[in-house]
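Let's walk through this one in questions and answers. Have the coordinates open as we go.

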Amino acid sequence: MPSQPDSSVAGAPFTNPPKLHLPASSPLTRPAQPRKNAHVLVACGSFSPVTYLHLRMFEMAVDYTRQNTDFEVVGGYMSPVSDQYKKPGLLSARHRVNMCMLGVNEQTFGWLMVDPWEAFQDYQRTAVVLDHFDYEINTVLGGVHTESGEHRDVRIMLLAGSDLISTMSEPGVWSEADLDHILGKYGTFIIERAGSDMDQWTEALARWRHNIFFVPQLIQNDVSSTKVRLFLRRGLSIRYLLPASVVTYIEEHGLYKDDGVQAQVLLSGADKDAGAGSGKGKEVAAGRSTSPAAV
């Protein structure tokens with residue numbers, strides 16, 4: 001079994017933390033088309049709170065793979081970030097994991113799940129989180145099996161919004177080692193946002209272009225966790241912006257009544273927690289990828 005990675009050393013090997021397992025109640029579905037490559041989507045983000053757009057991201061990616069690739073999505077996981085992320089408006093991991101599970105379970109589709117591992121760790125880089133899924137799914141769970149009994153390894157891919165690819169294209173924000181590991185070994189599906197300059201960003205990441213898939217939003221949705229928190233602080237309704245069970249949970253626990261975020265900043269358009277930008281800025285906020293030495 002691989003050893004615990006030393007995230008403080010530049011160029012440290014990317015391995016999986018030992019003795020950590022995905023929820024036993026979260027089996028992957030079998031590939032309906034055995035000749036297609038099996039994929040699992042992983043979205044890392046605050047999810048504070050989870051919104052319908054967070055859930056829609058997975059459905060949009062599945063539609064894209066069906067129509068444009070030889071992939072088949074056999075499972076999806078939401079991976080809430082650790083409390084060590086220390087971002088304004090970030091509730092405790094316990095609340096965020098609970099809300100994600102409520103949102104996922106309310107839909108009852110079965111293939112979309114929540115993995116609480118990252119949420120209850122010290123800060124973990126995105127590259128290490130993806131390694132965790134790769135190890136647990138392919139080594140511990142044995143990947144997936146077709147109806148004929150054939151063993152198939154699963155490819156793990158990051159699912160995120162356009163803001164993530166924007167930060168990845170900025171020099172010095174992410175370490176080169178992390179970029180190569182995330183985009184080179186795994187790859188990513190990026191949910192596009194209207195007005196985003198995808199060409200400019202992909203030019204800066206040209207060496208990994210074959211592993212970056214842009215998913216268009218055919219119906220534009222700009223719901224974000226930040227805006228939901230603002231509505232709550234102002235006493236406005238958030239119903240039909242997020243799953244009903246999550247709304248009830250927030251009301252019952254009196255959450256987000258004052259998260260310290262300035263309303264005028266949120267209303268100016270400088271939304272730093274966009275719903276389709278799940279996971280963006282994660283490495284930067286924790287101060288782990290501003291230079292190769294911080295890896």
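A quick term before we start: buried means under 20% relative accessible area, exposed over 50%, and partly exposed in between, with a 1.4 Å probe and protein chains only. This is a predicted model, so local features need pLDDT of at least 70, side-chain atom pairs count only at pLDDT 80 or more, and totals for chains, interfaces and linings use all residues. Residues are numbered from 1 along each chain as its sequence is written, and side-chain values use heavy atoms, with hydrogens and water left out.

Q: What percentage of the residues of the protein chain count as buried?
A: The chain's secondary structure comes to ten helices and eight strands (DSSP runs numbered from the N terminus: helices are H or I with at least four residues, strands E with at least two). Its residues number 295, and the share that counts as buried is 57%.

Q: How many aromatic pairs does the structure hold?
A: Rings of Phe, Tyr and Trp (its six-membered ring) pair if their centres lie within 6.5 Å; planes under 30 degrees apart count as stacked, over 60 as edge-to-face and the rest as tilted. By that rule, the number of pairs held here is six.

Q: Is the pair of Tyr 64 and Phe 189 stacked or edge-to-face?
A: The ring centres of Tyr 64 and Phe 189 are 6.2 Å apart. Their planes sit at 75°, so call the pair edge-to-face.

Q: How many residues apart in sequence are the parts that this pair ties together?
A: Tyr 64 belongs to helix H1, and Phe 189 to strand E7 (residues 188-191). Both Tyr 64 and Phe 189 are buried. The pair therefore ties together parts whose separation in residues is 125.

Q: Which helix does Phe 133 lie in, as the partner of Tyr 77?
A: Tyr 77 and Phe 133 make a tilted pair, 5.2 Å centre to centre with 50° between the planes. This one links distant parts of the chain, 56 residues apart: Tyr 77 is in strand E2 (residues 71-80), and Phe 133 in helix H3 (residues 126-140). Both residues are buried, and the helix holding Phe 133 is H3.

Q: Which residues form one aromatic cluster?
A: Tyr 64 and Phe 189 turn up again here, as members of one aromatic cluster.

Q: How many of the residues of H3 are buried?
A: H3 has 15 residues that should span 21 Å at 1.5 Å a residue, and its end C-alpha atoms are 20 Å apart, which agrees (the expected span is 1.5 Å times one less than the number of residues). H3 is mostly covered, with a buried count out of its 15 residues of 13.

Q: At what angle do H3 and helix H5 pack?
A: Contact means heavy atoms within 4.5 Å, and here it involves residues including Leu 130 of H3 and Ile 182 of H5. Axes are lines fitted to C-alpha atoms, for helices over the stretch in contact, and angles run from 0 to 180 degrees between N-to-C directions. The axes of H3 and H5 (residues 176-186) are 9 Å apart, and the packing angle is about 35°.

Q: What is the relative accessible area of Gln 217?
A: Gln 217 lies in the loop between strand E8 (212-215) and helix H7 (225-233). Gln 217 counts as buried, and its relative accessible area is 6%.
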